[in-house]
Amino acid sequence: MTSQGLRASSEGIRAAKTALTDKTLSQHKLAIALGITRQPVSKFFAGEPVSRSCFVQICQHLGLSWQKIAGLPEDIISDTSAKSQTNHKDLNILVQEIRQKRQDKIQDKCGSLQMMDIARTIPLLDIYTPIYVLDKITSQRWLEIDDLVKECVSESGFNQKKLLGSEVASLYSKLMVMSKPCTGKTTFLKYLAIECNQGEFQPNYVAIFISLKDFAEDFKDNNNFSLLKYISQEFVSCGIDTESTQNILTEGKALILLDGLDEIPTGDINRVNQEIRRCSQTYYKNRFVISCRIGVQKYKFPGFTEVEIADFDMQQVETFVKQWFLAVANESKEDGESIGNLFIHQLHLPENKQLRELAIAPILLHLVCLFFHTKSEFTFKLAKLYEAALNILLGRWDEVRGVHRQSITENFKLLNPKKFLAQIAAITFESGENFFEQEQIQSLIYQYLCKYHYCSATNLELVNRQWQDSETLLKKMEVEYGLLVQRSHGIYSFSHLALQEYLTAKHFVINYQEQSVNQLVNHIAEKRWQNVFLLTVSMLPNASEMLRLMKQKIDNLVTDDQKIQDFLFWLNQKSNSVATQYKAGAIRAFYLVCVGRVLELCSPASNCPQQQVFGNSSSYGLERAILGNLAFNPELAIDEFLTSTFACAAELEFACHYILNDAIVFDYAHALNIAFDKALNLVVESKFKQFLYNLKKQLPNAQNYPHKFRKWWIEHGKFWSGKFRELLIEYRNICHDWQLSKQQIELIQQYYGANKLLINCLNAAQKITPAIREEIEETLLLGIAETKN
């Protein structure tokens, strides 16, 4: 022992190093866990003098007697240990007394949540979904755009390592929890307070939850701007004297949860920062957790580890939803579970991909649940949901909680945030890039400000100031609204692709004129633009002109290809030959899907039967979009089963030539036999049925001799399929050999997809003239000559 502190003995250093290894810690990790710098830890293990408090703290964390590590004489150890045990016992009694006195206060302050558009408060533990944190702050990574594209491998989002939030809060004594807006920071801190209050988390600590916004407001005009005084006042209200409060803080028995550093008024932020720093350093033995939005806080508190709350994954989404329909919707257990499961099932459907993107943010998932709960299905207008989500992010949630942030319009008079965002979204979406450099997005903001006279460059100094304004606006979009997210250092994207699509559509609606509509219609065959089309027509007061231009553009896709025009002529001819009560366009769509599968499989350039548009489960979407499900019609059923059988023959052809496994070849042969039998059962015309029966008899037995079957098919399969085709053409006028190239088949696929989009837009439009609707439905999938007639 010295006057300057304590020094570890040689034996003590060896014991400490052994304990460090046993706990799988490094000196660096130990320093982080204690919330101190690495210097005293390094000095400790080097046998150099360390302050008494740090020395004791290090030993306690390693589970060692600090007296023995310091090599104190036995009589001093004995005497000190006796006093220490007495003091420790007294301190534990004090902690439990204070916890009991504050239990109701913590429960009242942190035990419930006020949720958007819900009149009553919700018990926190009934809705809380465990959060995860990222091991690296996204905006502090140094990745290129190519790296981000590779990292974002699936709907689950960016592939980053995640750790359970409560475990991280246990690991670090000083923690800064950061996140994008509306991701549950306050809920997490309240959860820690409640768990501590109930003895489930840090049971030997006293939970202290402080809203920093309230602290700044309550002490705004108070000369004694002190967290200690604020805590003391709160403790006094629970019947705890100032001396006990001081003891708890001095001995490090408080879990101090400081919520909402980003919600403090700008004028108070420096004072609050200074007070947090002073408190965390003076009472360094305590555990601290601070919450703040990413990008707001420039100052870094000494000894604090920063983590970022991760977006919800689908498992968290499902947990939240199941709890929501019980706790928030206030349904019975049976009904709540039933509706929750229905929600989850529908959410996973391919057509609800945009909703899954929104669901990664808890408050937006809450919004989706509210919309769903009305009808127990996703039949609401997406544009209405997106507008509500946009309003939440642009400040509505802050208004509900009484949080005032400096508005964009306070710096940029008359600026319309939605119009501004819509233009940025449209330009970036048009470029086809999901990620963009800061300079690129800042340049777009600068151009917008200049265009709408928020600035005008007249000299170099002014230009520099205006460029700084564009950076300020970019930071507001990122920090305050969370609509733009910094995915890596200096690289941004929109927080949700769904909102970028909505804002892009909004741009076309705001600037609706023939030129802008033509610009949009040029993307009619591009799959990534489909949601933009649907959202645009759903928001237009009258979408007639846009739908007319879409139909014109779709027809022009195939106008100059004579083979495709001949195919469309046959499609109309065949459809007209079927007696049915359905609209002609729906029947043409039905036959296009039927024969489209055959076109894909029998194309000279087709090398893989797995890559089709017409062969997937949603391929009958066009006629269903027109009519709903078609009722059974014998003529349609016969042609559907016969074309399906012919497609099975084409798949078998591929299997016999390219798949070595005879068992798989047998599966294809078996599928052909089953399809053939079903088709035979539907055929009525006796002569045709006999021909088909004779043709089927030619097929050898594949079950017992798959290898011989393969050999037979390689030698005779093409001839057999040719005979089958001849029968189908003669008796049913289907499965013609159109000899289309790979490019022509891809063009037909685009043409089909664009027509399907057109009908979906027709159904989504608020208002259209009856004449336009009739014209589109009657001329759907017609060749150019028939359309003119």
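Start by selecting E217 and K213: both sit in helix α11 (residues 212-218), 4 residues apart, or about one turn of the helix. Helices here are DSSP runs of H or I with at least four residues, strands are runs of E with at least two, and both are numbered from the N terminus. The two side chains form a salt bridge, with 3.7 Å between the closest N and O atoms. The term salt bridge stands for a side-chain nitrogen of Lys or Arg within 4 Å of a carboxyl oxygen of Asp or Glu. Colour the pair by accessibility: E217 counts as partly exposed because its relative accessibility is 42%, while K213, at 11%, counts as buried. The classes are buried for under 20% relative accessible area, exposed for over 50%, and partly exposed in between (1.4 Å probe, protein chains only).

A word on the model before moving on. It is a predicted one, where local features need pLDDT of at least 70 and side-chain atom pairs count only at pLDDT 80 or more, while totals for chains, interfaces and linings use all residues. Residues are numbered from 1 along each chain as its sequence is written, and side-chain values use heavy atoms, leaving out hydrogens and water.

**Zoom out: the whole chain**

Show the protein chain as a cartoon and you will find 37 helices and 12 strands. Of its 789 residues, 52% count as buried. Among contacts with a separation of 6 or more, 74% are between residues 24 or more positions apart; a contact means heavy atoms within 4.5 Å.

**Next stop: more salt bridges**

The structure holds 24 salt bridges. Select D313 and K162 for one of them, at 3.0 Å from N to O. D313 lies in the loop between β9 (305-309) and α15 (314-327) and K162 in strand β4 (residues 162-164), so this pair ties together parts that are 151 residues apart in sequence. D313 is partly exposed at 22% relative accessibility, and K162 is partly exposed as well, at 31%.

Now go to K718 and E653, whose closest N and O atoms are 3.7 Å apart in another salt bridge. This pair links distant parts of the chain, with K718 in helix α34 and E653 in helix α31 (residues 634-658), 65 residues apart.

**Look at the surface: a charged patch**

Select E144, D146, D147, E437 and E439, which gather in a patch of negative charge on the surface. Patch members have over 30% relative accessible area and no salt bridge; like charges are joined within 9 Å, and nonpolar side chains (Val, Leu, Ile, Met, Phe, Trp, Tyr) within 5 Å. Lys and Arg count as positive and Asp and Glu as negative, without His and the chain ends, and each charge is placed at NZ of Lys, CZ of Arg, CG of Asp or CD of Glu. Pick out E437 in strand β10 (residues 436-437); E437 is partly exposed, with a relative accessible area of 37%.

Select Q500 in helix α24 (residues 497-510). Q500 is buried, at 3% relative accessible area. Leaving aside residues up to four places away in sequence, Q500 touches A425, T428, F429 and F494.

Then move to N273 in helix α14 (residues 269-282), which counts as buried at 8% relative accessibility.

**Last stop: backbone angles**

Most residues other than glycine have a negative phi. Q202 has a positive phi, near 45 degrees. Find Q202 in the loop between α10 (185-197) and β6 (206-211), where it counts as buried at 16% relative accessibility.

Finish at C735, with phi near 65 degrees, also a positive value. C735 sits in the loop between α34 (706-732) and α35 (742-764) and counts as buried, at 3% relative accessibility.

Notes:
Areas by Shrake-Rupley, 256 points an atom, 1.4 Å probe, with all protein chains shown as cover.
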